[in-house]
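Visitor: I would like to learn how to read a few features of a protein model. Could we take them one at a time?

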Amino acid sequence: EEHEELLAAFVESHGFLSWLNLRVEELERGRIVMSVPYDEKLVNPGSSVGSIHGGVAASLIDTASGFALRSTFDDPTTGSLATTDLNVTYLRPATDDLRVEAEVLRAGESMGFTDTLVTSVAPDGETKDVAVGRTSYRLFRE
């Protein structure tokens, strides 16, 4: 719970993440769920369905992955990490709130890897997968 408060404070102080209205929904060691509410400012200009720009999903994948990996550190507030690879596959347009779940596949001494899923509610009211992602990170543990 203490880490969730620290995480919320970090998001609040981070200009880009707070601009996205990023929220932490769940956090446990090696796994995190975050969300971004639908907002007109995130929509692709001229999109007939009001689809959210793919960069938002990519940012969610990158951000959630970093936090999921950090949760495996002895002290998540120390050390640092750097994205070395970010792979995003888009499955369908996102036209509602976005939710990302990131899970750590492996967190070694110097490298970490995650698997992520981004979902959104489709126009038919069903929750659908909109993107999947894989990341790798260089870990700098304290």
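Guide: We will go through an aromatic pair, a helix and a loop residue in this predicted model.

Visitor: How many aromatic pairs does the count come to?

Guide: The count comes to one aromatic pair. Phe16 and Trp19 form it, with 6.4 Å centre to centre and 20° between the planes. That pair is stacked, because planes under 30 degrees apart count as such.

Visitor: Where do Phe16 and Trp19 sit along the helix?

Guide: The general idea is that an α-helix has 3.6 residues a turn, so residues three or four places apart point the same way. Here, Phe16 and Trp19 are three residues apart in helix H2 (residues 15-19), and therefore about one helical turn separates them. Phe16 is partly exposed, at 41% relative accessibility; Trp19 is partly exposed, also at 41%.

Visitor: Which residue lies over the face of Trp19?

Guide: Lys41 does, at 4.4 Å from the ring centre.

Visitor: What span does helix H3 reach from its first C-alpha to its last?

Guide: H3 covers residues 54-70, 17 residues in total, and reaches 25 Å, close to the 24 Å expected at 1.5 Å a residue. As for cover, 14 of the 17 residues in H3 are buried.

Visitor: Is Ser51 buried or exposed?

Guide: Burial is read from relative accessible area, with buried meaning under 20%. Ser51 has 10% relative accessibility, so Ser51 counts as buried. Ser51 lies in the loop between strand E2 (31-36) and H3. Beyond its neighbours within four places in sequence, Ser51 is in contact with Leu42, Val43, Asn44, Pro93, Ala94 and Thr95.

Methods:
Residues numbered from 1 in each chain as written. Predicted model: local features only at pLDDT ≥ 70, side-chain atom pairs only at ≥ 80, totals over all residues. Heavy atoms only, no water. Helix = DSSP H or I, 4+ residues; strand = E, 2+ residues; numbered from the N terminus. Expected span 1.5 Å × (residues − 1). Buried < 20%, exposed > 50% of the residue type's maximum accessible area, 1.4 Å probe, protein only. Contact = heavy atoms within 4.5 Å. Phe/Tyr/Trp six-rings, centres within 6.5 Å; stacked < 30°, edge-to-face > 60°. Lys NZ or Arg CZ within 6 Å of the ring centre and 35° of its normal.
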